[in-house]
Amino acid sequence: MKIIIIGAQAAGASAAAKARRTAPDATIRIYEKSDIVSFGACGLPYFIGDNFTDPNEMISRTPEQFQKDGIEIKLLHEVINIDINSKKITVKDLRSGQNFDDNYDKLLIAVGANPINPILSNRQLKNIFTLRDLHDGLAIKKVLTNPDIKNVVVVGAGYIGLEIAESLVSLKKNVRIIQLDERVLIESFDQQITDVIEENIKQYCDLHLQERVQGFEGEHIVTHVITNKGLYPADAVIIATGVKPNSDIYKNIGINMLGNGAIITDSLGQTNIADVYAAGDCVALNHRVSQSMVYIPLATGANKLGKIVGENMAGGHYEYPGTIGTSALKTFDIEAGRTGLTENEVKKAQIPYKIVVVKDKNHSNYVAGQTSVIAKLIYHADTRVILGGQIAGGSGSALRVNTLATAIWSHLSIDELTMMDFLYAPPFSRPWDILNIAGSIAK
Ligand SMILES: Cc1cc2nc3c(=O)[nH]c(=O)nc-3n(C[C@H](O)[C@H](O)[C@H](O)COP(=O)(O)OP(=O)(O)OC[C@H]3O[C@@H](n4cnc5c(N)ncnc54)[C@H](O)[C@@H]3O)c2cc1C
């Protein structure tokens, strides 16, 4: 049995480790076009913000550790073609420039995603970055250590844009966030929640909504950002306008994909091509609530599906149970999390629904650090089964979303939250937790 994996980060590395444990005698070879393996990009905003200084903390396993487990890692090797009839791949050795062929019994495509780079004038100027891999993080961090870099513009107010904005403020930069849409985090949260987040962001940065970045000014290095509404000074720019699956070369071989290029697999992680599997940020996932294939490129899904595919390529039979889109972020003083469907997504799915919105406190008033919390829950209008939930506020807000995720996963109704036995101690909550209250006031 020979397993070939393309891509050595969250999905590819998880798959290799699980395949090794499942089939001790299999040949497992990973081709990775960069010089990095098993890298957790989620730490990058915190690395840039000086929360820690050693970039190796973001690497979970070194190439030597893989080799020790009998997993061959070929760094700086790019897979440039797949021949599904002869089960052969063509690989370019990026050091020597030579191409060679290799064959597989099972193949995993774990090639991740690329940042979306909108077409903007003078994009080639120095100090304009996207943030995806370790090299991006190192380059941004190096530039930011220069005290002359004072004004930084972040283009896009999604998860990465807002996390990096917080880090930039902690480095004492003047930060301006420019967002094309009318709200921050528009794809992930409803307005009741983004209103709270925006109010907090405005205490730390300039937030421009409904404004389109058109390009940049500068000689060799960026000096200004041009938008449809103005011209703003910028010593550095970070473009964080989302990601798209890195799946272009697989279109030609007839792999089924969503419109955005996300590869479609079955619950075992197999594509429509025999013995070709896919996992991670290049794939679509089955959503348990909407029962549709969705693109949610997160480390949570990449690790889980990677592990499942690793087992299945090695002869196992483990089904991916689906996603419910649970995710969270911290932006300045606010923790925010979401799970299931937002109100917009429920509308799109044409599910009859009701909502309940509750404003409360995270814990007892006589313990330092009491803050406001807002929770919005969406439930089925007839069955009252919970379809989605979002929570934002101070300490303890984001992790409450895991409770909601469990409720949604288990098809609980909104009414069951009313008397659910949640913990209470003054530093953590109040005798009636915000989720108990949501259950009791839901009409
Ligand atoms: C700044 C940032 C913060 C994030 N924060 C979070 C978070 O808090 N929570 C969360 O859940 N997720 C977060 N994510 C998302 C998470 O990092 C990704 O979901 C995860 O890294 C996806 O892993 P992957 O293995 O699918 O893809 P990738 O990490 O993109 O790896 C794919 C690999 O494939 C290689 N490759 C591509 N094409 C080829 C080829 N033809 N030949 C050989 N090799 C190839 C690439 O070089 C790359 O190394 C964050 C991402 C970023 C950038």
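Asp 275 has a relative accessibility of 19% and therefore counts as buried (buried is under 20% relative accessible area, exposed over 50%, partly exposed in between, with a 1.4 Å probe and protein chains only). The model is a predicted one, in which local features need pLDDT of at least 70 and side-chain atom pairs pLDDT 80 or more, while totals for chains, interfaces and linings use all residues. Residues are numbered from 1 along each chain as its sequence is written, and side-chain values rest on heavy atoms, without hydrogens and water.

Asp 275 forms a salt bridge with Lys 87, with 2.6 Å between the closest N and O atoms (a salt bridge is a side-chain nitrogen of Lys or Arg within 4 Å of a carboxyl oxygen of Asp or Glu). Lys 87 sits in the loop between β4 (77-83) and β5 (88-93), and Asp 275 in the loop between α7 (248-251) and β18 (276-278), so the pair ties together parts that are 188 residues apart in sequence. Helices (H or I, at least four residues) and strands (E, at least two) are DSSP runs, numbered from the N terminus. Lys 87 is partly exposed, at 24% relative accessibility.

The whole structure holds 19 salt bridges. Three of them are listed here.

| Pair | N to O distance |
|---|---|
| Lys 87 and Asp 275 | 2.6 Å |
| Asp 102 and Arg 29 | 2.7 Å |
| Lys 251 and Asp 248 | 3.4 Å |

The salt bridge between Asp 102 and Arg 29 has an N to O distance of 2.7 Å. Asp 102 belongs to strand β6 (residues 99-103) and Arg 29 to strand β2 (residues 27-32), so this pair links parts 73 residues apart in sequence. Asp 102 is buried at 8% relative accessible area, and Arg 29 is buried at 15%.

Lys 251 and Asp 248 are three residues apart in helix α7, which puts about one helical turn between them. Lys 251 is partly exposed at 47%, whereas Asp 248 is exposed at 54%. Elsewhere, salt bridges with shared partners join Lys 2, Arg 29, Glu 72 and Asp 102 into one network.

Asp 136, in helix α4 (residues 134-144), is buried but has no salt bridge. The nearest side chain of opposite charge is that of Arg 132, 7.1 Å away.

The protein chain has eleven helices and 25 strands. Its radius of gyration is 23 Å, close to the 22 Å that the globule rule gives for 443 residues, so the chain is as compact as a globular protein of that length (the radius is taken over C-alpha atoms, and the rule is 2.2 Å times the number of residues to the power 0.38). The C-alpha trace spans about 65 × 55 × 40 Å along its principal axes. Of the 443 residues, 52% are buried.

Val 289 lies in the loop between β19 (285-286) and β20 and is buried, with a relative accessible area of 18%.

Met 293, in strand β20 (residues 293-294), is partly exposed at 28% relative accessibility. With neighbours within four places in sequence again set aside, the contacts of Met 293 include Leu 258, Ile 264 and Thr 265.

Definitions and conventions
Contact means heavy atoms within 4.5 Å. Lys and Arg count as positive and Asp and Glu as negative; His and the chain ends are not counted.
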